[in-house]
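Hi,

Here is the structure I promised to pass on. Have a look at it first, and then read my notes below.

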Amino acid sequence: MKICVSDIDGTIVNSLGGLSKYTIDTLIDFQEKDNILILASGRSYLRMMPIAKQLKMDIFNGYLVDVNGLSIYNFKNNERKIIQRMDMTEIKDIFNFIKTFDAEIKFYCDDAIYTYLSDNIYNLKVKIRSEMKLPEDYPWTSGEYSWLADPRDGYPIQKMISDISEIEHEINKIAICHDHETLIAIQEKIINSERFNEYNIQFSGQRQVDITSKNISKGKAVQYILEQIKPDNTNVYIFGDNENDFSMLNLSKNSYIMKNSKLNNKNNKYNIAPSNDDDGVAKIINGL
């Protein structure tokens, strides 16, 4: 039995936001041979579901690790195990600090995103929305590659807020969005403040830094699944492209960073897979 553990965005999903037929066919064939597929993402499990079902993980009893390790979804019994959410006291403390930066702040819930915009970002988005002639109900949320995106396929509730008291759902994670270089500086300031040593502050995409409890990570969640399955470690293949993937990449010597990644592969610690636009995960799995 072999195990494939893969991130989604920037890894199995291409830059157009979809799965190629080759990737779909390869990963279905992989599972048909009594192997196990685990998807581990910064997305909520609801937004992971359409991709999981494209890959027939519900038929082959795969696993989902969502929100950087917040929970584990087991298709065998259709149960979701929540590991740990941040409480509102923690969230308020983080928000009061990071709202001083000229950035967009997103609060991710299972099926909702609440967006807080600084004045400058708000004015920029007003201009972009006007130029693009977007409808009034179009979300104000940033995307992986753009200032505006429409993630309502996984987060049907989209609200812009002026204060976190307006949030009506349990929060899974906080995210800061801006251009990549600005986020590098913001991330450094948060880490250097030493106020938030109990949190993971990691890039999950080129334009997004996620903040979650240090008690959760993709690596811890994947390790928990592997302990239940008890595979031979030489048969565990792990793929990722960003900082929030390091914890799971460290679980196996058969770990791959995607060629499209901007991660610093110090001392060639990880193998390199072809890019997400070149079906990198599928090509490695197909060659096993």
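**Charged pairs, rings and cysteines**

Asp-137 counts as exposed, at 54% relative accessibility. Before going on, please keep in mind that this is a predicted model.

The side chain of Asp-137 meets that of Arg-152 in a salt bridge, 3.5 Å from N to O. That pair links distant parts of the chain: the two residues are 15 apart, and both Arg-152 and Asp-137 sit in the loop between helix 5 (119-132) and strand 8. Arg-152 is partly exposed, at 29% relative accessibility.

How many salt bridges are there? The count comes to 18. Another one joins the side chains of Asp-25 and Lys-21, at 2.6 Å from N to O. Those two are four residues apart in helix 1 (residues 21-32), so about one helical turn separates them. Lys-21 is exposed, with a relative accessible area of 62%, while Asp-25 is partly exposed at 37%. Then there's Lys-283 with Asp-278, whose closest N and O atoms are 2.8 Å apart. Lys-283 counts as partly exposed at 36% relative accessibility, and Asp-278 is partly exposed with a relative accessible area of 36%. You'll also find a network of salt bridges linking Asp-66, Arg-80, Arg-85, Asp-110 and Glu-170.

Now for the aromatics. The structure holds eleven aromatic pairs. In one of them, the ring centres of Phe-97 and Phe-101 are 5.7 Å apart and the planes meet at 85 degrees, so this pair is edge-to-face. Phe-97 is buried, with a relative accessible area of 17%, and Phe-101 counts as buried too, at 14%.

Arg-129 lies over the face of Trp-140, 4.2 Å from the ring centre, and Lys-173 lies over the face of Tyr-108, at 4.7 Å from the ring centre.

What about disulfides? The count comes to zero. Cys-177 is in no disulfide, and its nearest cysteine sulfur, that of Cys-109, is 14 Å away. Cys-177 is buried, with a relative accessible area of 1%, and Cys-4 counts as buried at 0%.

Last, the surface. Tyr-122, Val-126 and Met-160 form a nonpolar patch there, with about 240 Å² of accessible area together. Met-160 lies in strand 8 (residues 157-161) and is partly exposed, with a relative accessible area of 37%.

Cheers

Conventions
Residues are numbered from 1 along each chain as its sequence is written. This is a predicted model: local features need pLDDT of at least 70, side-chain atom pairs count only at pLDDT 80 or more; totals for chains, interfaces and linings use all residues. Side-chain values use heavy atoms; hydrogens and water are left out. Patches are made of residues with over 30% relative accessible area and no salt bridge: like charges are joined within 9 Å, nonpolar side chains (Val, Leu, Ile, Met, Phe, Trp, Tyr) within 5 Å. Accessible areas come from the Shrake-Rupley method with a 1.4 Å probe; for residues, only the protein chains shown count as cover. A salt bridge is a side-chain nitrogen of Lys or Arg within 4 Å of a carboxyl oxygen of Asp or Glu. Buried means under 20% relative accessible area, exposed over 50%, partly exposed in between (1.4 Å probe, protein chains only). Rings of Phe, Tyr and Trp (its six-membered ring) pair if their centres lie within 6.5 Å; planes under 30 degrees apart count as stacked, over 60 as edge-to-face and the rest as tilted. A charge sits over a ring if NZ of Lys or CZ of Arg is within 6 Å of the ring centre and within 35 degrees of the ring normal. A disulfide is a pair of cysteine sulfur atoms within 2.5 Å.
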